[in-house]
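This report describes a sheet, the helices on it and a set of salt bridges. The sequence and the model come before the text.

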Amino acid sequence: MGSNQFSILYITCLVLFLGTEGCRTPNAAFSPVAIDPAQVESGILLYSTTDQRAMSFDSLPLSQPMLHRFVRAWNNSGKEELRKFLPRSIIKVKFKDGAIRTFRMNSDAVKETNDWCTLLNDTTIRISLDSLRALNERWIGSYSADNSAHLVLQRNGIYDYSFNQCTRGTYSNGHWSTSGDTLHLHIDPNSRTNEDSRFKYADFSQPFVLKGRQLFFTVDRELNWHHFFTKE
């Protein structure tokens with residue numbers, strides 16, 4: 001075979017190869033791996049709390065209905081495309097075998113392992129997640145009571161409570177969670193090791209209720225209008 005014939009054959013093969021690659025569909029380059037709903041155990045939403053470039057995130061658990069809505073949306077997602085973005089939200093799905101899958105979201109676009117993303121057909125998922133974020137944000141902050149008691153609800157579900165009257169007082173810390181307008185404080189039993197005769201550990205068995213900027217104690221789930229915290 002002459003050199004001219006070899007060159008023509010080489011060019012022809014190259015054109016055919018590039019043509020095949022150029023016509024490759026997004027589905028051939030990226031195929032979302034479905035989630036088996038029966039194997040899902042729990043889910044956590046991490047959302048950007050400041051400038052997205054700072055990559056600062058707060059977290060809150062997803063309810064089972066919200067988690068399974070996301071699973072259905074991912075399994076039934078539509079168009080795929082290559083898109084770079086900074087995630088506004090991250091969803092971590094934990095499975096019954098201990099495995100965890102991480103999904104990065106911005107608007108209705110979701111990606112998992114690389115920059116190929118899928119567009120969710122259920123556009124209400126984003127709205128629901130934004131609502132969860134707004135509800136979580138309204139709780140975070142410092143609260144003070146008339147008797148100088150102080151409660152701080154921190155990011156990532158941590159709380160600190162203290163009531164100090166010179167030589168005596170109470171304290172408590174642990175994790176907090178909410179349901180609607182109700183706040184639950186879950187004490188950390190390991191912190192009771194610092195308890196002494198002057199400062200006792202406060203065990204909040206009753207929930208609190210948020211009304212505007214005031215956080216009320218409850219007695220048997222009834223509001224106690226004489227004892228409340230005001231958000232600073």
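Is Arg133 buried or exposed? With a relative accessible area of 10%, Arg133 is buried, because the cut-off for that class is under 20%. The model is a predicted one.

## Sheet

Seven strands form an open sheet in the order S2-S1-S4-S5-S6-S7-S3, and their pairing is antiparallel. Strand S2 (57-61) and strand S3 (80-82) stand at the edges; each has a single partner strand, so one side of each lacks a neighbour in the sheet. From one strand to the next, the twist averages 30°.

Strand S1 (residues 40-48) and strand S4 (residues 89-95) run antiparallel and are joined by seven bridges. Within this pairing, Lys92 in S4 is the bridge partner of Ile44.

## Helices on the sheet

Helix H3 (residues 64-75) packs on the sheet and touches S1, S4, strand S5 (100-106), strand S6 (109-111) and strand S7 (116-119). The direction of H3 makes about 85° with that of S1.

Helix H4 (residues 124-139) also packs on the sheet, where it touches S1, S2, S4 and S5. The angle between the directions of H4 and S1 is about 70°.

The structure holds 10 salt bridges. One of them joins Lys94 to Glu41, with the closest N and O atoms 3.7 Å apart. This pair links distant parts of the chain, since Lys94 lies in strand S4 and Glu41 in strand S1, 53 residues apart. Lys94 counts as partly exposed at 35% relative accessibility, and Glu41 is partly exposed with a relative accessible area of 38%.

Arg133 meets Asp130 in a salt bridge through their side chains (2.7 Å, N to O). Both residues lie in helix H4, three residues apart, which is about one turn of the helix. Whereas Arg133 is buried, Asp130 counts as partly exposed at 24% relative accessibility.

A salt bridge also forms between the side chains of Arg138 and Asp181 (2.5 Å, N to O). Here the pair links distant parts of the chain: Arg138 is in helix H4, and Asp181 is in the loop between strand S11 (168-179) and strand S12 (182-187), 43 residues away. Arg138 is partly exposed, its relative accessible area being 32%, and Asp181 counts as partly exposed at 36%.

## Salt-bridge network

Lys79, Glu81 and Arg83 are linked in a network of salt bridges.

Note on methods:
Residues numbered from 1 in each chain as written. Predicted model: local features only at pLDDT ≥ 70, side-chain atom pairs only at ≥ 80, totals over all residues. Heavy atoms only, no water. Pairing = 2+ DSSP bridges. Helix = DSSP H or I, 4+ residues; strand = E, 2+ residues; numbered from the N terminus. Axes fitted to C-alpha atoms, helices over the stretch in contact; angles between N-to-C directions. Contact = heavy atoms within 4.5 Å. Salt bridge = Lys/Arg side-chain N within 4 Å of Asp/Glu carboxyl O. Buried < 20%, exposed > 50% of the residue type's maximum accessible area, 1.4 Å probe, protein only.
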